[in-house]
Amino acid sequence: YKDLELLNMFLDTKDTYLLIRGHREEMERIKDNYGEKKLSRILPAHQKIFPDTQRLLAHVNLLVTDYSSIYFDFLLLNKPIIFIPYDLQVYQSYRGFLFDYQSHTPGDKVSTQAEFIESLDRALENPEFGSMERVKMKNLFHTHQDGKSSERIIAHINKMNC
């Protein structure tokens, strides 16, 4: 059950927006429902509007995702992440994970709209909540965090050409 008008009202009280970025097919199905007056705080952020996901991530306060690997990149920003594993058992049975989902996803896991709004509220009011867990995962998944990855790639290519 989802009450988008209730969610929109909550977002309005926090003077914040929820940007929806789904896969192309999903965005086609939902594009008519968001950004209208009644859902003025829930806006599309699909590939046509924001072609570069990395630039978009730099400007958001928190990430809401299901199983997308986008959270690995977002870990570098050490901002809150909320996971919505709405069909975890089904997903795990046909797609699977390379690691334990519960222990490697640093953030709240929510399954109801009430939990989602509560988690959003906490993340917006106290973005440092869960920071240690995020840093632990960031250090696990990102060996190099110095901003010099391109330099390392070029040096590696140069060595190959010798």
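**View 1. Salt bridges around lysine 14.** The count comes to 7 salt bridges in this predicted model, a salt bridge being a side-chain nitrogen of Lys or Arg within 4 Å of a carboxyl oxygen of Asp or Glu. Take lysine 14 and aspartate 121 to start with: their closest N and O atoms are 2.7 Å apart. This pair joins distant parts of the chain, with lysine 14 in the loop between helix 1 and strand 1 and aspartate 121 in helix 7, 107 residues apart. Helices (H or I, at least four residues) and strands (E, at least two) are DSSP runs, numbered from the N terminus. Lysine 14 also forms a salt bridge with glutamate 125, again with closest N and O atoms 2.7 Å apart. Glutamate 125 sits in helix 7 too, 111 residues from lysine 14. How open are these residues? Lysine 14 is partly exposed at 26% relative accessible area, aspartate 121 is partly exposed at 28%, and glutamate 125 is exposed at 55%. Here buried means under 20% relative accessible area, exposed over 50%, and partly exposed in between (1.4 Å probe, protein chains only).

Residues are numbered from 1 along each chain as its sequence is written, and side-chain values use heavy atoms, leaving out hydrogens and water. As the model is predicted, local features need pLDDT of at least 70 and side-chain atom pairs count only at pLDDT 80 or more, while totals for chains, interfaces and linings use all residues.

**View 2. A salt-bridge network at arginine 41.** Asp12, Asp15 and Arg41 are linked in a network of salt bridges. In the pair of arginine 41 and aspartate 15, the closest N and O atoms are 3.2 Å apart. Arginine 41 lies in the loop between helix 2 (24–30) and strand 2, and aspartate 15 in the loop between helix 1 and strand 1, 26 residues apart. Arginine 41 counts as buried at 10% relative accessibility, whereas aspartate 15 counts as exposed at 59%. Just after helix 1, aspartate 15 also takes a positive phi of about 50°.

View 3. Which residues of helix 1 (4–13) are buried? They are Leu7, Asn8, Phe10 and Leu11. These four cover an arc of only 160° around the axis, so they end up on the same side of helix 1; the arc is that of the directions from the helix axis to the C-beta atoms. Turned away from that buried side are the exposed residues Met9 and Thr13. Among the elements covering the buried residues are strand 1 (18–20), strand 2 (42–44) and helix 7 (113–125).

**View 4. The largest nonpolar core.** This core has 16 residues, and those with the most contacts inside it are Leu63, Tyr71, Phe74, Leu75 and Ile81. A nonpolar core is a set of buried Ala, Val, Leu, Ile, Met, Phe, Trp, Tyr and Cys residues joined through side-chain atoms within 4.5 Å. Helix 4 gives the most to this core, with 3 residues.

View 5. The open sheet has 3 strands in the order 3-4-5, with parallel pairing. Strand 3 (63–65) and strand 5 (108–109) stand at the edges with a single partner each, so one side of each has no neighbour in the sheet. Strand 4 (81–83) and strand 5 pair over 2 bridges; two strands pair if DSSP finds at least two bridges between them. Isoleucine 82 stands opposite aspartate 108 in strand 5.

Technical notes: Contact means heavy atoms within 4.5 Å.
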